[in-house]
Amino acid sequence: QVQLVESGGGLAQPGGSLRLSCAARGIVFSVRTMGWYRQAPGKAHELVATITAGGTTDYVDFAKGRFTISRVNADNMLNLQMNNLKPDDTAVYYCNSLTSLCPWGQGSLVTVSS
């Protein structure tokens with residue numbers, strides 16, 4: 001059974017940092033291009049960052065220079081380090097496979113507020 005479990009969200013002040021993690025179960029994680037998405041209230045999912053099986057990363061403009069995506073294939077783990085957080089980063093963050101979309105997990109809520 002495919003399962004994606006996100007964790008690490010919470011409340012951060014503007015300029016603060018959070019680190020998200022995603023545990024992937026039931027898929028051959030190491031061969032998949034993986035990504036982080038987010039969904040703000042009332043909006044659709046939007047892609048944040050991607051990482052290929054070989055570790056090549058890509059970021060959407062708002063994430064460049066602030067977010068870092070990484071993976072540990074041996075542990076089936078995907079991470080997202082978020083620095084210099086802004087109120088507009090407030091959203092539920094999800095991981096998923098870009099190679100073949102999996103059922104969405106519950107996500108991890110990130111709230112950026114003073």
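**A sheet, a loop and a salt-bridge network**

Gly-54 is exposed, with a relative accessible area of 77%; exposed means over 50%, buried under 20%, and partly exposed in between, using a 1.4 Å probe and protein chains only. This is a predicted model, in which local features need pLDDT of at least 70 and side-chain atom pairs count only at pLDDT 80 or more, while totals for chains, interfaces and linings use all residues. Residues are numbered from 1 along each chain as its sequence is written, and side-chain values use heavy atoms, with hydrogens and water left out.

Gly-54 sits in the loop between β5 (46–51) and β6 (57–59). Strands here are DSSP runs of E with at least two residues, numbered from the N terminus. Along the chain, Gly-54 and Asn-73 are 19 residues apart, and their C-alpha atoms are separated by 9.8 Å.

Both β5 and β6 belong to an open sheet of six strands, ordered β2-β10-β9-β4-β5-β6, with mixed pairing. Its edge strands are β2 (10–12) and β6, each of which pairs on one side only. From one strand to the next, the twist averages 25 degrees; the axes behind this angle are lines fitted to C-alpha atoms, and angles run from 0 to 180 degrees between N-to-C directions. Two strands count as paired if DSSP finds at least two bridges between them. Strand β4 (residues 34–39) pairs with β5 in the antiparallel sense over five bridges. In this pairing, Tyr-37 has Leu-47 of β5 as its bridge partner.

Next come the salt bridges. A salt bridge is a side-chain nitrogen of Lys or Arg within 4 Å of a carboxyl oxygen of Asp or Glu, and by this rule the count is four. One of them joins Asp-89 and Arg-38, with the closest N and O atoms 2.9 Å apart. This pair links distant parts of the chain, 51 residues apart: Asp-89 is in the loop between β8 (77–82) and β9 (91–97), and Arg-38 is in strand β4. Asp-89 is buried at 2% relative accessibility, and Arg-38 is buried at 6%.

Asp-89 also forms a salt bridge with Arg-66, where the closest N and O atoms are 2.7 Å apart. Arg-66 lies in the loop between β6 and β7 (67–72), so the pair ties together parts that are 23 residues apart in sequence. Arg-66 is buried too, at 8% relative accessibility. Through shared partners, salt bridges join Arg-38, Glu-46, Arg-66 and Asp-89 into one network.

Another salt bridge is formed by Lys-64 and Asp-61, with the closest N and O atoms 3.3 Å apart. Here Lys-64 is partly exposed at 47% relative accessibility, and Asp-61 is exposed at 64%.

Notes:
Helices (H or I, at least four residues) and strands (E, at least two) are DSSP runs, numbered from the N terminus.
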